[in-house]
Amino acid sequence: MEYLPQLVLAWSIQLSGVLSPGPSVALILGVATAQGRAPALVTAFGIGCASIILSLATVLGLAVLFAQMADLMTLVRLIGAAYLAWLAYGAFRKAMEPPSLNIAEVRPESHRRLWLSGFLLQLTNPKAILFWLAVASIGGVGNAPAAIIALFVAGAFINSVGGHGLWALVLSAAPIRRAYLSARRPVEAALGTFFAFAAFRLATART
């Protein structure tokens, strides 16, 4: 029980990041509207799996360590910026030449590729990293018993999968899809602009 307040505070910080729109939600939006609910949920699961790595890094103090290593953080930033730029390219390409959105006619990406897209995006997601640094700033549970650490990681995973899964369900709903169909070019252009701006900010940020 002595660790419960700290766990609840950490999970609350993480959940606020999960429920606030950012690159991961933008990725889910693109998948949900183009491929449907199941692919969006697989993407959300990949994002959730990345939370296992990020929460373990927080427990081990790696988040704070990385923040103090300029060269390593620069490399992480550049990798993240490159991935966001690639997502921007994909969104702009869809804006220029919108593919068919009849799910029966669309060939969905493999589950492995969808999972990997979500996983890699979340690992390099600057918003997620900032929220985990905030979690680390309140003090980790690295000195806690193994059972508490396992509970912390499991809670972070449930938070992420549940929150991003909720985004996947909402964004793949019929009204959202119809709204997207009526304005798909500007929506994809907006997503591309968002990813491009995020890539630029991440690439030019100071460590």
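Phe 195 reaches across the sequence to touch Pro 23, Ala 26, Leu 27, Leu 84, Leu 87 and Ala 88, leaving aside residues up to four places away; contact here means heavy atoms within 4.5 Å. The model is a predicted one, in which local features need pLDDT of at least 70 and side-chain atom pairs count only at pLDDT 80 or more, while totals for chains, interfaces and linings use all residues. Residues are numbered from 1 along each chain as its sequence is written, and side-chain values use heavy atoms, with hydrogens and water left out.

Phe 195 also belongs to the largest nonpolar core, a set of 24 residues in which Ile 28, Ala 40, Leu 84, Leu 87, Leu 121, Leu 171 and Phe 195 touch the most other members. Such a core joins buried Ala, Val, Leu, Ile, Met, Phe, Trp, Tyr and Cys residues through side-chain atoms within 4.5 Å, where buried means under 20% relative accessible area, exposed over 50% and partly exposed in between (1.4 Å probe, protein chains only). At least two residues each come from helix H2 (23-35), H3, helix H5 (70-96), helix H6 (111-123), H8 and helix H10 (184-204). The greatest share, seven residues, is given by H2. A second, separate core has 14 residues, among them Ala 128, Trp 132, Ala 144 and Ala 156.

The chain as a whole holds ten helices and zero strands, assigned as DSSP runs numbered from the N terminus (helices H or I, at least four residues; strands E, at least two). Of its 207 residues, 43% count as buried. Among contacts with a separation of 6 or more, 89% link residues 24 or more positions apart.

With a relative accessible area of 23%, Phe 157 is partly exposed.

Helix H3 (residues 37-59) has 23 residues and should span 33 Å at 1.5 Å a residue, which agrees with the 33 Å between its end C-alpha atoms; the expected span is 1.5 Å times one less than the number of residues. After H3 comes Gly 61, with a positive phi near 80 degrees.

Val 170, also found in helix H8, counts as partly exposed because its relative accessibility is 41%.
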